[in-house]
Structure formats: C-alpha cells, structure tokens
Amino acid sequence: MIAAKIKKRIVGKGRGAVFAPSDFLDLGSRASVDQALSRLADQDIIRRLTRGLYDYPKVSDRFGKLAPSLDDVAQAVARKDNQTLQISPARAANQLGLSTQVPSHVTYLTDGPTRKKQIGNQTIHFRKAAQKTLVGAGQKTGTVFQALRYVGKDRVTDTVVRKLAGALDSKDRARLVKQSRHVPAWMHPVVQQIAAYAG
C-alpha cells in the first residue's frame with residue numbers, strides 16, 4: 001500500500017526527480033518507507049544513487065539512464081539532513097551573467113558540516129558557512145547577494161547593477177532590501193541602487 005502511494009508521488013514529480021526517504025514520512029514509518037523504496041529500486045522503477053538518496057531517472061534512447069541534476073541531488077541532501085543550502089559566489093555570478101566562467105566544482109554553502117557527496121563520477125562539495133553568508137538561501141535574493149560577493153566591493157559597476165536588477169521582480173527587490181540588514185555594510189548602497197533601478 002505504502003509502495004503504491006510512494007510510486008504514485010514519484011511518478012507525479014516526473015522523470016529526473018531526486019528524493020530521500022524523509023520526503024515520504026507522511027505516508028508511513030521510516031522502516032516501511034525504506035522497505036518500499038528498496039522494493040521500487042529492485043523493480044528498476046527508481047535508482048539508488050547513494051545511501052538514502054534515490055532518483056526517478058530520465059531515460060534516453062541512445063544513452064539509457066541519464067545522470068541526475070547535481071542541483072536536485074544537493075536539494076534532496078539538504079532536505080534529508082534539514083540543512084540550509086546557498087549557491088556559491090562563482091556559480092551565482094555565472095547564473096546571473098556577471099561571469100562566463102563555469103566553476104569546475106559544484107559547491108554549496110551550508111549550515112551543516114563541510115563534506116563531499118559522490119554521485120556516480122561526479123562530486124558535490126558542501127562547505128560550512130557563517131549564517132550571514134546564507135542570507136536569502138534558496139531565493140533569487142540569495143543568488144544576488146552571492147553574485148555581489150563574487151564581484152567584490154570595488155568592482156560593482158552600472159552594468160552589474162543593471163544585470164542584478166533585471167533578475168528580480170518587484171517582490172524580490174523588496175525582499176532584497178529587507179534581507180540586506182544581514183549582509184556586509186558595503187552591499188547596502190548597491191542594494192538600494194538595485195531596488196531603485198528603473199531601466
């Protein structure tokens with residue numbers, strides 16, 4: 001019964017979804033959830049990625065089962081361990097078009113311990129960070145704060161302000177101003193410029 005409910009939820013999330021047993025504890029006890037996931041993995045419906053992590057893999061005609069998104073894996077790890085996850089400065093800058101460099105490592109800042117997670121031949125790095133670095137974690141505002149960290153105090157130009165402002169809607173801008181109380185003082189005037197940007 002539990003296996004059927006879990007399978008239904010997994011299929012509903014679609015191919016590529018990554019999950020941990022803790023995502024299903026509303027459906028049954030930990031032991032029964034573990035057993036159901038193990039059975040679904042044995043039936044080749046889901047794939048065990050590593051201890052306590054599974055995915056419903058995307059499948060290609062040519063390549064078979066595809067590797068999961070490391071971002072989705074990182075999110076599942078954070079949910080499983082009840083931790084906050086923040087994008088790294090280099091990755092944030094790349095995402096928002098302030099840098100063309102793609103970081104060679106997938107790194108996340110977290111309030112959990114520093115560690116690595118090996119998924120197939122790929123590695124996710126989790127780095128313990130101070131609370132002030134995790135402001136806006138999981139939101140667009142967090143990505144903006146991290147991109148500013150990457151750019152640095154003395155390299156913020158009009159172009160940087162324009163690109164960051166363009167990534168936010170009015171709700172995000174209001175949130176950015178509110179959250180800026182917790183970030184370094186040099187960012188405050190930049191945040192005001194982003195919030196007021198009318199281009």
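Predicted model: local features only at pLDDT ≥ 70, side-chain atom pairs only at ≥ 80, totals over all residues.

Analyst: Helix H7 covers residues 170-179 and helix H8 covers residues 187-196; their axes come within 9 Å and cross at roughly 165°. With that angle, H7 is roughly antiparallel to H8. As for the hand of it, H7 and H8 make a left-handed crossing.

Which residues in H7 and H8 meet? From H7 you have Arg173, Leu176 and Val177, and across from them in H8 sit Val191, Gln192, Ile194 and Ala195. Sorted by class, this contact has five nonpolar residues, one polar and one charged.

Now for the sheets, beginning with the four-stranded one. This open sheet runs in the order E6-E7-E9-E8, and its pairing is mixed. Strand E6 (85-87) and strand E8 (115-119) are at the edges with a single partner strand each, so one side of each has no neighbour in the sheet. On average, neighbouring strands here are turned by 30° against each other, direction ignored.

Strand E7 (residues 106-110) pairs with strand E9 (residues 122-128) in the parallel sense, over five bridges.

Helix H3 (residues 70-80) lies across E6, E7, E8 and E9, and it runs at about 45° to E9. Helix H5 (residues 140-151) also packs on the sheet, where it touches E6 and E7, and its direction makes about 50° with that of E6.

There's another open sheet to look at, made of three strands in the order E1-E3-E2 with antiparallel pairing. Its edge strands are strand E1 (18-19) and strand E2 (47-50), each pairing on one side only. E2 runs antiparallel to strand E3 (residues 53-55), and three bridges join the two. Within that pair, Arg47 stands opposite Asp55 in E3. E2 and E3 form a hairpin as well, with two residues between them, and Gly52 in the turn has a positive phi of about 80°.

Last stop: charges. Side chains of opposite charge can pair when their charged atoms come close. How many salt bridges does the structure hold? The count is ten. One to zoom in on is Asp26 with Arg9, where the closest N and O atoms are 2.7 Å apart. This pair links distant parts of the chain, 17 residues apart: Asp26 belongs to the loop between E1 and helix H2 (30-42), while Arg9 is in helix H1 (residues 2-13).

Note on methods
Residues numbered from 1 in each chain as written. Heavy atoms only, no water. Axes fitted to C-alpha atoms, helices over the stretch in contact; angles between N-to-C directions. Parallel < 35°, antiparallel > 145°, perpendicular 65-115°, else oblique. Left-handed = near helix turned anticlockwise from the far one by under 90°. Contact = heavy atoms within 4.5 Å. Nonpolar A, V, L, I, M, F, W, Y, C, P; charged D, E, K, R; others polar. Pairing = 2+ DSSP bridges. Salt bridge = Lys/Arg side-chain N within 4 Å of Asp/Glu carboxyl O.
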